[in-house]
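Have the viewer open while you go through it.

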Amino acid sequence: MAAPAAGPVRAVPAAGPVRAVPLLDRDGADGAPRTTVRIDADERVFPGHYPGFPIFPGVCVVELVHRSALATAPAPGARVTLRAVESTRFLSPVFPGDRLTVELKWTRREGHWRCEAVAATDRGRAATVRLRFTEGSTPC
Amino acid sequence: MLTTTGIKRVLPHRYPMLLVDRVTELVPEERLTALKAVTCNEPWYEGLAEDADDEGHGYPQTLLVESWCQAAGVLAAWDKPNPDVLSGQVMLFGSISDVVLHRPVYPGDVLEHRVRLVRALSDTVIFEGEALVGGETVMEVGRVVMAMRPAAELTAAREQSPAAQPAGVQ
């Protein structure tokens, strides 16, 4: 993807640290939902993380899991809101040019939804993430 | 107290990913309090739809976590700064758990990160704490594990990635 400086800026509904948008490549109808996203070298976090040695921040991997979760949330007709990062383990670094795949598994818990995800590059698992969501958007 | 220049001596993070503005209290091996002011001219708001509502202007939750973790990084490394990720020992976050997000944070809010050191082993440090806005807790952090690792582990990993390929090959 070309640097966006010269083109129109895509309007997004919420602020976020990552420009890349995860694409759904398996909708969950016959298996767990999965998204893929390419981490381009022009992501705006790279100049500062770190100068001369760009590494995709671990929290940005969590951000892509978060967005993948929002795109695959099973709550029928309702939006879901992130309430907790129950756990995340960072297993290997993600670099510019990597393709990240995110496999998600949703389970209904008492009063909330849990989304467990594995994010991986071509070199193997980059992170495991477990997020907790509730339906609706009212602040706790 | 540490100002931005003092923080930059400790952390390798730089604009736009330096997410701690000031350290107001630092008790070595014990605790730290740091501030981060949120403004709508941070780059994360670029491209936000003109009709985005207040919710859309919420500070990205993942960056709230990152900002808190950077404050923890200052407590871990203030006395042995290595703002270079290509040499020596570098700080890596191994795991983050039990982070509860209580309410959104918006431009104009000043985050107060309270970091407590739970345990320090030879190459691993464990933290807990919370973030407040105006005295109200906006996020609780149950456990963050930070590991010191040789920079060579990172540079070796990059050799296997697309980033190591010459331009045009990817």
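A salt bridge here means a side-chain nitrogen of Lys or Arg within 4 Å of a carboxyl oxygen of Asp or Glu. By that rule, B:Glu130 and B:Arg116 pair up through their side chains, at 2.9 Å from N to O. The two sit in distant parts of the chain, 14 residues apart: B:Glu130 in strand β5 (residues 124-133) of chain B and B:Arg116 in strand β4 (residues 110-120) of chain B. Keep in mind that this is a predicted model.

**Salt bridges**

- Over all chains, the count comes to 24 salt bridges.
- In the pair above, B:Glu130 is buried, at 16% relative accessibility, while B:Arg116 is partly exposed at 32%.
- B:Glu25 bridges to B:Arg31, and their closest N and O atoms are 2.9 Å apart. Both ends are partly exposed: B:Glu25 has 30% relative accessibility and B:Arg31 has 32%.
- B:Asp109 and B:Arg103 also meet in a salt bridge, at 3.9 Å from N to O. Here B:Asp109 is buried at 15% relative accessibility, and B:Arg103 is partly exposed at 22%.
- Over in chain A, salt bridges link A:Glu86, A:Arg114, A:Arg130 and A:Arg132 into a network.

**Negative patch**

- B:Glu50, B:Asp51, B:Asp53 and B:Asp54 form a negative surface patch.
- Where does B:Glu50 sit? You'll find B:Glu50 in the loop between β2 (31-37) and α2 (61-77) of chain B.
- B:Glu50 counts as exposed because its relative accessible area is 80%, and the cut-off for exposed is over 50%.

**Cysteines**

- How many disulfides are there over all chains? The count is 0.
- The cut-off for a disulfide is 2.5 Å between the sulfur atoms.
- B:Cys69 is in no disulfide either, and the nearest cysteine sulfur, again that of A:Cys60, is 12 Å away.
- Buried or exposed? A:Cys115 is buried, at 0% relative accessibility, and B:Cys69 is buried too, at 2%.

**Chain A layout**

- Chain A has 1 helix and 6 strands.
- Reading from the N terminus, its elements go β-β-α-β-β-β-β.
- Of the 140 residues in chain A, 50% are buried.

Conventions
Residues are numbered from 1 along each chain as its sequence is written. Chains are lettered from A and ligands numbered from 1 in the order in which they are written. This is a predicted model: local features need pLDDT of at least 70, side-chain atom pairs count only at pLDDT 80 or more; totals for chains, interfaces and linings use all residues. Side-chain values use heavy atoms; hydrogens and water are left out. Patches are made of residues with over 30% relative accessible area and no salt bridge: like charges are joined within 9 Å, nonpolar side chains (Val, Leu, Ile, Met, Phe, Trp, Tyr) within 5 Å. Accessible areas come from the Shrake-Rupley method with a 1.4 Å probe; for residues, only the protein chains shown count as cover. Lys and Arg count as positive and Asp and Glu as negative; His and the chain ends are not counted. The place of a charge is taken as NZ of Lys, CZ of Arg, CG of Asp or CD of Glu. Helices (H or I, at least four residues) and strands (E, at least two) are DSSP runs, numbered from the N terminus. Buried means under 20% relative accessible area, exposed over 50%, partly exposed in between (1.4 Å probe, protein chains only).
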